[in-house]
2 protein chains.
Amino acid sequence: DYKAEEQWRWAMSVLIGVVMGFLAFTVDGLIKKFNGWKYGATTSSISPGGAGFGAWLVWVIISCLLASVAGGLVSYVEPLAAGSGIPELKTYLNGVHLRGLLRIKTLGAKLGGIAFSIGSGLIAGKEGPFVHGGGLVGGGLSAFGSHTLGFRTKKPSHFRNDADKRDFVAIGTAVGVAVAFGAPIGGMLFTVEEGASFHSTGMLWRGFLATCTGVLTTHWLDQLDFDAMDFAGAKFGVHRDFGLFTDDEANYSRVFWWYFWEVPIFAAIGCMGGLLGAAFVNINVKITMWRQRFIPVSDKYRRHAEVIFVCFVTATVLFIMMAASPCKPIPEAYRVAAATDGDGNGVSDELPGGVAKFEYGVETRRQIRDQYFRSLFCKADEYSSYGQLFFVPLADSLKLLLHLGEVYEQNGTDEFEQHLFTMDALIMYFVFMYALMTWTYGIGAPTGLFVPSLAVGAAGGQIVGRIVRAMVMSTGSEIVVDLHTYAVVGAAACLGGATRMTISITVLVMETTGSMQLIIPLMLTIFFAKAIGDKYSMGIYDTHIKIRGAPFLDEPEHAGVAVDKLKVAEVMADSLVTLRPVMRVRELVEVLTNTSHGAFPVTITDVGEGHNAGDPIELHGSITRNILLKMLTHRVSMFDPEEPREVLYENSEDRDALLEKLKQIPFKSPGVEMIASTLSRREMELSIDLTHFMQRHPFIVHADARLSRAYRLFRTMGLRHMYITPSKPQIIGVVTRKDLVEESAALTLGEKAADLSYEEL
Amino acid sequence: DYKAEEQWRWAMSVLIGVVMGFLAFTVDGLIKKFNGWKYGATTSSISPGGAGFGAWLVWVIISCLLASVAGGLVSYVEPLAAGSGIPELKTYLNGVHLRGLLRIKTLGAKLGGIAFSIGSGLIAGKEGPFVHGGGLVGGGLSAFGSHTLGFRTKKPSHFRNDADKRDFVAIGTAVGVAVAFGAPIGGMLFTVEEGASFHSTGMLWRGFLATCTGVLTTHWLDQLDFDAMDFAGAKFGVHRDFGLFTDDEANYSRVFWWYFWEVPIFAAIGCMGGLLGAAFVNINVKITMWRQRFIPVSDKYRRHAEVIFVCFVTATVLFIMMAASPCKPIPEAYRVAAATDGDGNGVSDELPGGVAKFEYGVETRRQIRDQYFRSLFCKADEYSSYGQLFFVPLADSLKLLLHLGEVYEQNGTDEFEQHLFTMDALIMYFVFMYALMTWTYGIGAPTGLFVPSLAVGAAGGQIVGRIVRAMVMSTGSEIVVDLHTYAVVGAAACLGGATRMTISITVLVMETTGSMQLIIPLMLTIFFAKAIGDKYSMGIYDTHIKIRGAPFLDEPEHAGVAVDKLKVAEVMADSLVTLRPVMRVRELVEVLTNTSHGAFPVTITDVGEGHNAGDPIELHGSITRNILLKMLTHRVSMFDPEEPREVLYENSEDRDALLEKLKQIPFKSPGVEMIASTLSRREMELSIDLTHFMQRHPFIVHADARLSRAYRLFRTMGLRHMYITPSKPQIIGVVTRKDLVEESAALTLGEKAADLSYEEL
């Protein structure tokens, strides 16, 4: 039984990975389809040197159509599908419930919506929605497993289901990040850092199993999609198939390098990232405030219209940048005619042997030319320099910023220079993307923040790198500065500045760019980004959590001085509202109506007139508002005190089953007024027996303990309330480590069994 | 004040990293010196075709000399320096104190000893001792910072020092692993997994900062050592400088690959690793039992002699293997004369341009020949095939198993075959190293287990890979099986089977071999190694912890069924030994003499005649045996009840200072009998006042709570004892999440301050 449960946990983790792998593959496929449609239709309406109004119209109409679907899914289907979902999931994992967060409808709206959001060209990434989607899959599958599949958690543990579900939701979020970025370690660390809910190594290991399974599933599906016939001979591990990129056999070791004197430069980039991030957060807060006033969540149409408007502006800006772009000559190596027919145009179409292939699946010069050096409005032998960055999907431009030209850097400066982005394109990109990202985050469509801020940061990093390179060259030194290193470091700095995450994004950026050698510079950069950013604002996610006002408990280290200075007894509510084990329904309804407490102590101590605040009461148990409301709704455990009471259940197993059933009733119970109105007058006069539905041994904390202790308990145990002892509490014994070591506990269990069987004799 | 403390924590983490980086560099340098001496002297006594007795004598004498120093440091300086140190550190981080574990003497004996152990050729690695060393540095520096440097943790927090110290010890262990393997992420995850003491993201982040700093320090020192003049132009990131290997610009992406149909094979390798590991543990337990009987720790000379004997046998076996080795022709590419003079012998000494350099710092064919294809007892154009594996330091043979020939695999089969190890060499290596590793673990010298078990596993993996390769080739398929992948997977399987660690060794192996692309196969392999291994034994570290009998609390998931079935009240001790707040010294001495409890409840409730076991008492506080012994030793807080009592201290700050001082008194306090004998008859009749020295708000747990709750609290909060409420406890209030959210806590603090100033008026 115990073993079977363990095995189920493992199986469930694998299942979450597989399902998320499939979902990620599907969403990616959708995005690819949308992009193909949009760019295909627009490009075919472009005539070099033409006016381009027609092309703009095609471009904008398709974009807005897609955005309209994304916005519609949020406005009319599920408002919780908006935004990234990371603040919501973070709040949930912190131990606060949000209604509707984990419904299947939300899953559809979120993951469907993100495909449309990204397809529409909104400045958004997929990772936040994938985190949310992963959480939904985790929570959903575990519930499914628990009930429909006949898998049940151990019965005597009243609160276990909640905790179990949270565990699987946590695993799901980890898988979500992992499949979005192809980063199994980063995904797991993301949840460790943001979820703070991995309380054991076993749990950590299950999470890792799940993230690996998820990433493996996407890799295999990608390979099957690419070439199903050669699946047996497909080498895994040789191409960089990291979520964002799939390069073929690139020369990893030659891509990223750095010098010891660059460390202070990286630190400075980190500081800039922190400042940029803080500015982003502060501006976004202003926009969010404005939005709450003029485009409230309740106003569906206006919210929907905003999404379309933002998309319209974004699409137009990108198009104008592309159309107004200066033209640059195409690098010599790719000056084959941009024909669509076939081969045989002067320069050999074959790539030279020594050069690594440019991109997985790209094999000829022409393909490279058509894909990366498009002419658009330029002449045949030139390419659109801004179009290279602005007229590609966001994730692709990020990839180009991080990697374009890297395989050529060894071949001499001339060749290399031809691959460089122009400085003005980089600056334009940096400015516009930063502005659009700040504006977009918070609209009524699924939007993630990682990819936009990585892209902005990569552009910024390239700019800094170019300056450093120029300075080094001006000294006559032969040292070659690696611009790609700067792009990666800049991306990390910007993401760190916006999110204030630490270890998980260090590893995420490393995994997703394949820059294992940069782990230390990345760490330093993010360290400074966080240190500086924290001076001027909170992270974007925490900010949005705060705006929503959820009772979120931050890291103990950031809890402020107060928790160290105050005692528990000093913060507790002044008056204690108690219930009696058996009471009139009417009284219960009154208590529920007059207070908004989430849980009530059950006691027989009279807390009426003669009772002073602070006098101890005898605690029989604790019962949550939620259970009480359900009991009232379903008339559970009510009886007429005048009549002989019917037996509610035969034995403890029946009771557990009943309790379980009560918990399974969907989350959203109506308010107490609603329920009260359904209660007949006769029912109001019945008695209700709470004894079997209360939690009999809630957490207890010493009145004189520092608040920080309660804080840590709340966080690590995922509590919602704790009871406070008097200053000099009554105790009946002490339990030590030795009592807990397995052998000794097993021994006691043996004795207990012996006692029982003796008694039964 | 609060901020300064935070900054100190960060600075301390960096400092731990830097110090460990220096120490690692120093130890590595020592090992290199020893190896240079040993191999140099032996090789120069070898004459091809000669008898080799003289060379054996040189070899064995040098080996035993070095082993004698390593053993001597343990036997005569510090017995705790023996073995890997991981079980001890794990126990410490779990919340159990071991005397002398964290003394500076231990640091010297351990890190000095490991250099001699490895230099002597014992089958041992450096990671365990580095973990221990790191813990020592962390604990030592934090204490140093606290007291000598004038840095003090906040005063009102009575138990904070212990927790703080544990945090820094945890960071130190992480750095130890990181610098031993050049693996910053793996090191950090090691401590997360084994230490279970990273309770917050801030802590995690500090740990990561420390591991990165440590690794960076070693990289920089290595580079300075290699070529100090070119430091500014030294590219970091391009060569694989991962702890165990420093290859130059190898073609990462071409090194490791795998196919989807290999997944079940990897799983099977994992299962074999689990079985091998379980056998290793079970045999080692037998040997340890035998050792405890015949070579007890107390018998210094015998213990010392054992080390020398083991080294003698090891050295002799290795020498015989080398001397009896078959000879193989040296690969064509390296057939330059093995001259020592210089250049110009037919084949050009230059390496062909396209071929990546073989090894960092190795530039010519001759160097490669002299280093990797040594003739030893063979003819001039042949090399010693066993000598390639047996007559090199253990870490080097591991490296060859994982990497030899990898840069040539692309160049055609003939060339490649020349670089293969012979099957018989691999089998010999596998068998002998496994046997020697099992015998060596547990002797009285510092010895780590990672490198030996990785080496055994790599050999095993290569063997399996060769079989698979032969089978694939026999089908006529053109699929090329990557033997290096098998070596890495095999290494991970064997390490996983022996240690039962999971996520941390997955990442460690990935980082240390640079096989980022293999992370998923590695995970799967280790998953199966652990699953199968756990069926037949515990991990080697847990086994040794258990043999020592420390009250170690395992993962809650492995705590067994008992903790879920039992209530807290059912395991508590039957009788409660209490102290009174003010009592006679004589009585206190009696209680201490008659019981061995580690902590006592302080109460004024009379637990004499009329008191039944299980009746509640009023808890005023809790005091540890340790503090009581110190109070008695230093005659603190004693007074003559007949006379007016002198004031012990003026205010609460003085009291804190006194308490602090008491805690600083070195750990090892003498037994109560010793102390009692120093107390005069008059002193025995004095009273002693405990009120100011007890902890006033110990942890409290509900009598009816399941034992698993107490278990989790003990682990996450690092407790040693908890007090138990009655079944229906008295409470005075409830505290909820909302009360704890920063704003509300700060508000209460403000009110409190206002109240105080009002009162003061």
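## Exercises on a predicted two-chain model

Phe53(A) is found in helix α2 of chain A, where helices (H or I, at least four residues) and strands (E, at least two) are DSSP runs numbered from the N terminus. The model is predicted, so local features need pLDDT of at least 70 and side-chain atom pairs count only at pLDDT 80 or more, while totals for chains, interfaces and linings use all residues. Residues are numbered from 1 along each chain as its sequence is written, chains are lettered from A and ligands numbered from 1 in the order in which they are written, and side-chain values use heavy atoms, with hydrogens and water left out.

### Exercise 1: a nonpolar patch

Decide whether Phe53(A) is buried or exposed, and state which residues make the nonpolar surface patch of about 520 Å².

Solution. Begin with the classes: buried means under 20% relative accessible area, exposed over 50%, and partly exposed in between (1.4 Å probe, protein chains only). Phe53(A) has 56% relative accessibility and therefore counts as exposed. Next, recall that patches are made of residues with over 30% relative accessible area and no salt bridge, like charges being joined within 9 Å and nonpolar side chains (Val, Leu, Ile, Met, Phe, Trp, Tyr) within 5 Å. Accessible areas come from the Shrake-Rupley method with a 1.4 Å probe, and for residues only the protein chains shown count as cover. The patch is made by Trp37(A), Phe53(A), Leu57(A), Ile61(A) and Leu65(A), and its largest share, 4 residues, comes from helix α2 (residues 53-77) of chain A.

### Exercise 2: the nonpolar cores

Find which residues touch the most other members of the largest nonpolar core, and list what Phe450(B) is in contact with beyond its neighbours within four places in sequence.

Solution. A nonpolar core is a set of buried Ala, Val, Leu, Ile, Met, Phe, Trp, Tyr and Cys residues joined through side-chain atoms within 4.5 Å. The largest such core has 303 residues, and within that core Phe450(A) and Phe450(B) touch the most other members. A second, separate core of 44 residues includes Met572(B), Ala710(B), Met717(B) and Ile724(B). For the contacts (heavy atoms within 4.5 Å), leave aside the neighbours within four places in sequence; Phe450(B) then meets Ile86(B), Glu127(B), Phe181(B), Phe190(B), Leu495(B), Thr499(B), Met501(B), Ile505(B), Leu508(B) and Tyr541(B).

Since 8 of the 8 residues of helix α3 (residues 86-93) of chain B are buried, the helix is largely enclosed by the rest of the structure. Just after α3(B), Gly95(B) takes a positive phi of about 110°.

### Exercise 3: Arg500 in both chains

Solution. Although not a glycine, Arg500(A) has a positive phi of about 60°. Most residues other than glycine have a negative phi. With 6% relative accessibility, Arg500(A) counts as buried.

In chain B, Arg500(B) is found in the loop between α18 (483-499) and α19 (503-513), has a positive phi of about 65°, and is buried, with a relative accessible area of 6%.

Now turn to the charges: a salt bridge is a side-chain nitrogen of Lys or Arg within 4 Å of a carboxyl oxygen of Asp or Glu. Asp534(A) forms one with Arg500(A), the closest N and O atoms being 3.2 Å apart. This pair links distant parts of the chain, 34 residues apart, with Asp534(A) in helix α20 (residues 519-536) of chain A. Asp534(A) counts as partly exposed at 39% relative accessibility.

### Exercise 4: a sheet with strands from both chains

Work out the order of the strands in the open sheet of 3 strands, and say which of them stand at the edges.

Solution. The order is β11(A)-β12(A)-β14(B), and the pairing is mixed; two strands pair if DSSP finds at least two bridges between them. β11 (700-701) of chain A and β14 (733-736) of chain B stand at the edges, each with a single partner strand, so one side of each is left without a neighbour in the sheet. β11(A) pairs with strand β12 (residues 721-724) of chain A in the parallel sense over 2 bridges, and Ile700(A) stands opposite Tyr723(A) in β12(A).
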